[in-house]
Amino acid sequence: MVLCRSRLSFLHRMMQQLMSGDRTAVLFKPGHMVRRSSLIGQVRVLAVALTTNILAGLGCRVFRAGTSLDAYGEVERLAQAELGRTHALYGVRDHDSLEMANRLGITNAALTPDLAFLLPFHSGSHSRNEAGVSFRKRMWLDQQKGEEIRQAIRGLKSDRNLEPVIVQQVQFDEEVSKKLSGDLNVPVVRFDGTEASCQAIFERYERCELVLSNRLHSLLFAWSRGAIPVAVIDAGEDSKIHGLFSQYALQNLVIDVKSTLPVDSRLQQILEAADTY
């Protein structure tokens with residue numbers, strides 16, 4: 001098995017494998033295949049579909065697992081349908097994506113759980129006196145709902161004696177993590193690509209009573225360490241998290257930022273329900 005981290009290394013390795021005559025299979029990384037509204041984004045999607053078609057034509061078996069689909073435009077619908085035709089298995093991780101794949105005419109689509117569910121459960125022996133916070137999309141923090149979210153986080157400290165800590169699993173979240181850290185005057189725990197930083201994040205989750213996030217894998221990783229995963233999302237737009245939480249009967253742990261109910265009130269409902277278990 002070979003892990004390819006760039007398009008160039010992937011193409012180079014594939015040419016070597018196919019020319020050697022060995023049986024070759026490709027497993028594409030799991031994740032959310034987001035809608036691309038720009039022309040460049042749509043060209044990239046078509047390029048992936050074309051490349052996959054060529055690989056399948058040369059005898060390579062192509063697999064995809066743990067994927068979430070989006071509400072695509074016409075070009076992307078055509079590309080996804082072509083991808084489905086060339087895959088030996090087109091695995092999606094939630095029922096909404098499976099229904100979408102079926103509507104696109106992808107006949108070999110199957111439900112394959114997110115790989116995060118393979119993590120062993122480990123609650124640790126630490127006292128749970130922290131509240132994890134992990135967010136993307138800074139625009140929320142600059143609007144009214146952003147202030148509601150910050151107020152709810154502050155309330156965790158004043159009402160439940162939980163110390164907030166920012167957990168940054170993705171480099172892309174650097175800006176929003178710095179913003180939250182400054183606003184709340186709390187520390188940041190970052191993943192920097194090393195095993196030590198990865199271990200530090202999982203150990204921090206073991207200290208958390210709950211984690212507030214709109215990143216799926218922050219929620220699932222925290223859950224694997226015994227923290228309550230509270231999804232703070234726009235339920236109408238974030239089909240990935242909303243669909244997966246509904247699938248596993250976790251919809252009661254979702255805070256919809258478009259709801260008229262204030263974030264802190266909804267969070268209080270969730271924690272009161274958790275206290276009864």
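User: Is Gly-91 buried or exposed, and what is its relative accessible area?
Analyst: In this predicted model, Gly-91 lies in strand β4 (residues 89-92); strands are DSSP runs of E with at least two residues, helices are runs of H or I with at least four, and both are numbered from the N terminus. Burial is judged by relative accessible area with a 1.4 Å probe and protein chains only: under 20% is buried, over 50% is exposed, and partly exposed is in between. Gly-91 is therefore buried, at 0%.

User: How are the residues numbered, and which pLDDT limits apply to the model?
Analyst: Numbering starts from 1 along each chain as its sequence is written, and side-chain values use heavy atoms, with hydrogens and water left out. The model is predicted, so totals for chains, interfaces and linings use all residues, whereas side-chain atom pairs count only at pLDDT 80 or more and local features need pLDDT of at least 70.

User: Which residues does Gly-91 contact, leaving aside its neighbours within four places in sequence, and how far is its C-alpha atom from that of Gly-66?
Analyst: Contact means heavy atoms within 4.5 Å. With those neighbours left aside, Gly-91 is in contact with Arg-64, Ala-65, Gly-66, Thr-67, Ala-110 and Thr-112. Gly-66 is 25 residues away along the chain, and the two C-alpha atoms are separated by 5.8 Å.

User: Which residues does Leu-111 contact beyond four places in sequence?
Analyst: Leu-111 is found in strand β5 (residues 109-111), and its relative accessibility of 35% makes it partly exposed. From C-alpha to C-alpha it is 5.6 Å from Gly-91, which is 20 residues apart from it in sequence. Leaving aside neighbours within four places, Leu-111 is in contact with Val-92, Arg-93, Asp-94, His-95 and Gln-247.

User: What arc do the buried residues of α6 cover, and what covers them?
Analyst: In α6 (174-184), the buried residues are Glu-174, Val-176, Ser-177, Leu-180, Ser-181 and Leu-184. Seen down the axis they line one face of the helix, because they fall within an arc of 165°, the arc being that of the directions from the helix axis to the C-beta atoms. On the other side of α6, Lys-178 and Gly-182 are exposed. What covers the buried residues includes β6 (130-134), α5, β7 and β8.

User: Where is Asn-161 found, and what is its phi?
Analyst: Asn-161 is found in the loop between α5 (144-160) and β7. At 62% relative accessibility, Asn-161 counts as exposed. Its phi is positive although the residue is not glycine, with a value near 55°.

User: Which residues of α7 are buried, and which elements do they pack against?
Analyst: Helix α7 (residues 195-205) has Ser-197, Ile-201, Phe-202 and Tyr-205 as its buried residues. They are on the same side of α7, because they cover an arc of only 140° around the axis. Glu-195 and Ala-196, on the other side, are exposed. The buried residues pack against β7 (163-168), β8 (188-190), β9 (208-213) and α8 (216-223).

User: Which residues does Glu-209 touch, not counting residues up to four places away in sequence?
Analyst: Glu-209 is found in strand β9. Its C-alpha atom and that of Gly-132, 77 residues apart along the chain, are separated by 8.0 Å. With residues up to four places away not counted, Glu-209 touches Arg-128, Glu-130, Arg-160, Leu-162, Ala-227, Ile-228 and Leu-271.

User: How many helices and strands are there, and what is the radius of gyration of the protein?
Analyst: The protein has ten helices and eleven strands. It is as compact as a globular protein of its length, because the globule rule gives 19 Å for 277 residues and the radius of gyration is close to that value, at 21 Å. This radius is taken over C-alpha atoms, and the rule is 2.2 Å times the number of residues to the power 0.38.

User: What share of the residues is buried?
Analyst: The C-alpha atoms fill a box of roughly 65 × 40 × 35 Å, taken along the principal axes. Among contacts between residues at least 6 apart in sequence, 65% join residues at least 24 apart. Of the 277 residues in the protein, the buried share is 44%.
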